[in-house]
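Subject: Model for you to look at

Hi,

Please have it open in your viewer while you read.

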Amino acid sequence: MAARRLQSSEWRWVVVFAAAVMAFTSLPYAVGWASQRAGWQFSGFLVAVEDGNAYLARMRQGAEGQWLDTLAFSTEPQTGAFLYPVLHLLGALAGRDPLAEIVVYHVARVLAGILLLGVSYAFVSAFVPEVRWRRLGLVLIALGGGLGWLLTVALKDPLFGALPPDLVLPEAFSYLILFNYVHLALSRALLLLGLLAYLRGRGGWAGLALLAAGLAQPLAIGVAWAVMGAHVALGWLLRGRVAGWDWQADLKTAALAGAISAPLLAYVTLALRLDPVLRQWLAQNVLPSPPPLHYLLAYVALLLPAVVGMRALWPRAPRPAALAAAWIVLAFVLAYLPLPPQRRLLEGVQLPLVALAVVGLGSLAVRWRRPATVAVLALSLPTTLLLWLGALSAARYVAAPVFLPPDEVAAFAWLRAHASSADAGLAAYATGNALPAYTPLRAYIGHGPETVYLADKRPQVAAFYDAATPDTIRRDLLRTAGLTYVLLGPNERALGAFDPATAGYLDLRFTSGDFAVYAVVAP
């Protein structure tokens, strides 16, 4: 290994820094809570609210004692699979109260974020011997971004019609994970622990870490396998030419780690392939990578010093240097393979880039170190500030979807008291997205990938609320989809003028302002 063991003084600094970063990420959420007024309820999310509601829906399943994950935004019969148990566990801890669920989610997010930053520091330390450069590495990991801020300021429209990766892709930069994604923070921390254990020749520990990572995000196991495989292959190619690098020992370590983590990945793969609902979810969960220029602009501030760092690190620590280089090259190859989750295969690549970059900055001539470091920070930090200010603005602007309107909150409260997990509701897409997060109901539509056959269902919902649609079509939809409740609010009225009160097969059960809940009594 390239670096000495970490001292207790280093860990104290890491803990204080990590706590400060997580407090920084939490301030906009505190503003969101404080902004609630006139019955409007803060959703608990400031970005990616649609996905946030999916996380709360999984927590609600855990609160109901359900450990096999089902798609809460699809009403098709489902057997369920052991996916995302971390979110189910958080729900079991929180119970059925929505406020408690949101609080538990964010407490877990803060703790997972501190863990991720601690492990990230340990990972960088495997490459960087000097404490000050390790600390700079952690600052870049926690708060660094790319040139997304510059593109946002300079261009009227998104480049190539896509937003910069550092603004939207948690796989690309850690700050987005720290701000919003508890399960991804756990997954990345455990992925890094697994790779650190692999570098140290501890295959059993590596396998256990990757197995745990897969419980938060199964894709992490595949990414780790690819990195270890590329590292072993590089060791084989360089056999006999690099002193002290035993590629056969690395192969044995990787094989043991793979054997321990393989059962979970095999189970998930089979579940996604054999279950028709999950198979359709996988088919429509397409996450394409942006054009390569976007990635170049995202990482250019790190790439140049990383090249210098690779040249400096290789003579004294070729084995760790090879892992970092293999991960970086492999990530950008994986990101353009013809697979649905393209961009997610970039998972964690910021870490080896930062590690090599700070090695490169530290190896520069003394007169160049300060200006080069300042330049990297000046290019990397503005995106995070832009994201934070955007979240702060969203927290102060009381409107859907970040906030739930009072009548919808009242309707959801009634459903929590009177409905069960066996029920399913029909509503417009926006209402349906919040429905499983705050009630035990499944939604007919409400989430892009997690509503299977969404392209077919959306027009059916629009037709249901169209006053010109024959009742026979409405009743057929209610019957075939197993729907037990119909919701009517502003989102539904925007689809059409249908009045459920005129339908003999619907019975009004609750009303609050312009929101009503009808039970299906004779589909």
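This is a predicted model: local features need pLDDT of at least 70, side-chain atom pairs count only at pLDDT 80 or more; totals for chains, interfaces and linings use all residues.

Residues are numbered from 1 along each chain as its sequence is written, and side-chain values use heavy atoms, with hydrogens and water left out.

**Helix α12**

Helices here are DSSP runs of H or I with at least four residues, numbered from the N terminus. Helix α12 covers residues 247–274 and has a kink of about 45 degrees at S261, shortly before the proline P263. That bend is the angle between axes fitted to the seven residues ending at a position and the seven starting there. At the start of α12, a side-chain oxygen of D246 comes to within 3.2 Å of the backbone nitrogen of Q248.

Buried residues (under 20% relative accessible area, 1.4 Å probe, protein chains only) of α12 include D250, A254, A257, G258, S261, L265, V268 and L272. Among the elements covering the buried residues of α12 are α9 (182–199), α10 (203–216), α11 (219–237), α13 (276–284) and α15 (318–334).

**Pockets**

Pockets and cavities come from a 1 Å grid over the protein atoms alone: a pocket is an open set of points with protein on both sides within 12 Å along at least five of seven lines, a cavity is a set where a 1.4 Å probe fits but cannot get out, and lining residues have an atom within 4 Å of a point. Grid points are joined across faces, edges and corners, and a volume is the space filled by probe spheres set on the points.

The largest pocket has a volume of about 650 Å³. It is lined by 22 residues, and L219, V268, L272, L282 and P341 are the closest to its centre. Helix α12 returns here, giving the largest share of the lining, 5 residues. By class, this lining has 16 nonpolar, 4 polar and 2 charged residues; Ala, Val, Leu, Ile, Met, Phe, Trp, Tyr, Cys and Pro count as nonpolar, Asp, Glu, Lys and Arg as charged, and the others, Gly among them, as polar.

The second largest pocket holds about 420 Å³ of space. Nearest its centre are D51, Y55, N285, R344 and H447, out of 22 lining residues. Its largest share, 4 residues, comes from α2, and the lining divides into 12 nonpolar, 4 polar and 6 charged residues.

**Cavities**

There are 2 cavities of 30 Å³ or more. The largest holds about 90 Å³, and α11 gives the most to its lining, with 3 residues. Residues lining this largest cavity include E171, L219, R344 and E347.

The second largest cavity holds about 30 Å³. Its lining has 4 nonpolar, 4 polar and no charged residues, including F173, L302 and Q350.

**N180**

Why does N180 count as buried? Its relative accessibility is 0%. N180 lies in helix α8 (residues 174–180), and its side chain makes a polar contact (N or O atoms within 3.5 Å, one able to donate a hydrogen and the other to accept it; residues adjacent in sequence count only if both atoms are side-chain atoms) with the side chain of Y29, at 3.1 Å. Leaving aside neighbours within four places in sequence, N180 is in contact (heavy atoms within 4.5 Å) with Y29, F45, V47, A48, Y105 and R109.

Best wishes

Technical notes: Helices (H or I, at least four residues) and strands (E, at least two) are DSSP runs, numbered from the N terminus. Buried means under 20% relative accessible area, exposed over 50%, partly exposed in between (1.4 Å probe, protein chains only).
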